[in-house]
Amino acid sequence: ALEVGMRHEDIERQFKVECAARGNTTAFLIAGVSIGLLPQGEISPGEAILLDAVSHFRQYHGDFARTLVAGDPPKEVLRRSKANETGRAAIFEMIKPGVKYSEIRKFGFDAMVKAGMPAEAVIVNPHSVGLEHDDDPIRDDVPFPVASDVILKAGMTITIDLPYIEVGWGAGHNEDLILITETGFELLNTDESPLIVI
């Protein structure tokens, strides 16, 4: 439903419509380089933006993200998208019970940088998703919130934020909803490419 010329409020309105049609309630939407920051103020041809959408259904949250580009993607958009998919594939190979968040962060970061993504643009952030957008336990032995280095266990629902953000260039994202199983994982969304061309 997205098209060239749409501003952040148009994208957000469309997200709310799609959620309502499915019985979901919106939590938040990030569209652009960050919340509401579209490089030209609207969806423009050839510019990569991230879409990160969180909604909830019957109290449980979903968190999903993709990269959007209007028209033919420029070579740099394709190059970064490929590096992002390489990081995603590398992480998918390692996800199973017993793996720590810190291992996912390092493995994903290293894979994306090795595939050509600028190191300063890479973020790898695994977190649980459930009754809240992030259900991970927080350490209580420090005066500010610090997440524990969670170890994956069967039955957990997680997501792994894999955005790449560079002011002056644009942004992309990939985020899948993942159920940890006894032997690995199951994707709770389709396995399409993180790059959506409109």
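Modeller: We shall take the nonpolar core and then the salt bridges.
This is a predicted model, in which local features need pLDDT of at least 70 and side-chain atom pairs count only at pLDDT 80 or more, while totals for chains, interfaces and linings use all residues. Residues are numbered from 1 along each chain as its sequence is written, and side-chain values use heavy atoms, without hydrogens and water.

Colleague: Which residues touch the most other members of the largest nonpolar core?

Modeller: In soluble globular proteins, nonpolar side chains tend to be buried together. A nonpolar core is a set of buried Ala, Val, Leu, Ile, Met, Phe, Trp, Tyr and Cys residues joined through side-chain atoms within 4.5 Å; buried means under 20% relative accessible area, exposed over 50%, and partly exposed in between (1.4 Å probe, protein chains only). Here the largest core has 23 residues, and Ile95, Ile104, Leu152, Ile158, Ile160 and Ile178 touch the most other members.

Colleague: Where does arginine 80 find its salt-bridge partner, and is arginine 80 buried or exposed?

Modeller: A salt bridge is a side-chain nitrogen of Lys or Arg within 4 Å of a carboxyl oxygen of Asp or Glu. The structure holds eleven. Arginine 80 meets glutamate 166 at 2.9 Å, N to O. Arginine 80 lies in helix α2 and glutamate 166 in strand β8 (residues 164-166), 86 residues apart; helices (H or I, at least four residues) and strands (E, at least two) are DSSP runs, numbered from the N terminus. Arginine 80 is buried at 6% relative accessibility, whereas glutamate 166 is partly exposed at 24%.
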